[in-house]
Amino acid sequence: MENATRPFDKLLLVSLLCLLTVGMFMVYSASSALGEYVHNDAFYFLKRQLIFAGAGLAAMIAIARIDYWFWKRWSFVILIVCFFFLILVLIPGVGMVRGGARSWIGAGAFSIQPAEFMKLGMIIFLSQYLVRHQKRIPEFKRGMLPVLLLIFLAFALIMLQPDLGTGTVMAGACFVLLFVAGARIKHFFILGGLGTAGFVGLILSAPYRIQRITSFIDPWSDPLGAGFQIIQSLYAVGPGGLFGLGFGDSRQKFYYLPEPQTDFIFAIIAEEFGFLGAGFVLVLFGVLLWRGVTTAMTAPDMYGALLATGICGVIFLQVLINIGVVTGLFPVTGITLPFLSYGGSSLTLLLAAAGVLLNITRHRTEYH
């Protein structure tokens, strides 16, 4: 392949850095009360987020200079390593339990979440696999079925933690790749029916998931229990009005809204900056999506197109689910908001993925 001669996509990079900057301010604002109360330091979470962002930006800069074909050569090894850590995290004494899920490996605040890395590892592997077997993809048995079995294996390991949100994002992004690679629509209808049945089974198998569904339908039926999170989130979004209460003036972050710096940071944005502030964040995500899709459309080969599509799928499925939960459109699930929420593994992984996306823009066939 030819060496890259084009500059990075400036709009993609600027929108990403703007989201990251907004995230830093909002992590501080959303977490200051909790940090002061629990750790006697209002900057506790911000300090760690700066470390995560620094590591992620360093990874992004380094990866953006590595031709994306490199990941194609090492895709199988990357996938095996991701599966290894997914199994490792399930071992008692190795995996850390937080909030009822055994999802982390490490110590204290500095730990990794293997499921996050599987999202990118699966995209890297499937992109090259679908290119190699593109002619078989319209066939179900020889083309689609092996991919589905691989996705199911990864999803099952993630569900053993359990982490339905991350598993859903990973599987959803993989299905987007299958669709773009040429899978037949009728196969998706069949999968949709089977997936719905399986999803219902997963919900019925765990009482807390049933509570989340009932609280989604009517959160006021259990305002101090299953409906507490969504009610407090709406109490944050509603009073924000057009202009918001002002930076740092959130009321819900004072121990009303659980996890205000992670899963519900968008609620704090809406509360402090109102409709205009929340709209500005959505515009930034819109620009990032536009440039990501453009990157996929102008990639010089099918592998680059699928890789860019998969990365965009991971990012924007996560955005859709997170904001949907915050605004009461979806049942509550533990999904962070990309580039804004507090979290080491998620932020570092997404910035690394953005580095891959930026490198693909250096090889684009047309200048935009």
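Visitor: What should I keep in mind about the model and its numbering?

Guide: It's a predicted model, so local features need pLDDT of at least 70 and side-chain atom pairs count only at pLDDT 80 or more, while totals for chains, interfaces and linings use all residues. Residues are numbered from 1 along each chain as its sequence is written, and side-chain values use heavy atoms, with hydrogens and water left out.

Visitor: How do I read salt bridges, and how many are there?

Guide: Side chains of opposite charge can pair when their charged atoms come close. The rule here asks for a side-chain nitrogen of Lys or Arg within 4 Å of a carboxyl oxygen of Asp or Glu. That gives four salt bridges. One of them joins R291 and D9, with the closest N and O atoms 2.8 Å apart. This pair links distant parts of the chain, R291 in helix 11 and D9 in the segment before helix 1 (10-39), 282 residues apart. Helices here are DSSP runs (H or I, at least four residues), numbered from the N terminus.

Visitor: Is R291 buried or exposed?

Guide: Buried means under 20% relative accessible area, exposed over 50%, and partly exposed in between (1.4 Å probe, protein chains only). R291 is buried at 3%, and D9 is buried at 4%. Now take E139 and R142, whose salt bridge has an N to O distance of 3.1 Å: E139 is partly exposed at 34%, and R142 is partly exposed at 46%.

Visitor: Which residues make the nonpolar surface patch?

Guide: For a nonpolar patch, take residues with over 30% relative accessible area and no salt bridge, then join nonpolar side chains (Val, Leu, Ile, Met, Phe, Trp, Tyr) within 5 Å. Areas come from the Shrake-Rupley method with a 1.4 Å probe, and for residues only the protein chains shown count as cover. Y37, V38, F254, Y255 and Y256 make a patch of about 600 Å². Y256 lies in the loop between helix 10 (228-237) and helix 11 (265-297).

How values were computed:
Patch = residues over 30% accessible without salt bridge, like charges linked within 9 Å, V, L, I, M, F, W, Y side chains within 5 Å. Helix = DSSP H or I, 4+ residues; strand = E, 2+ residues; numbered from the N terminus.
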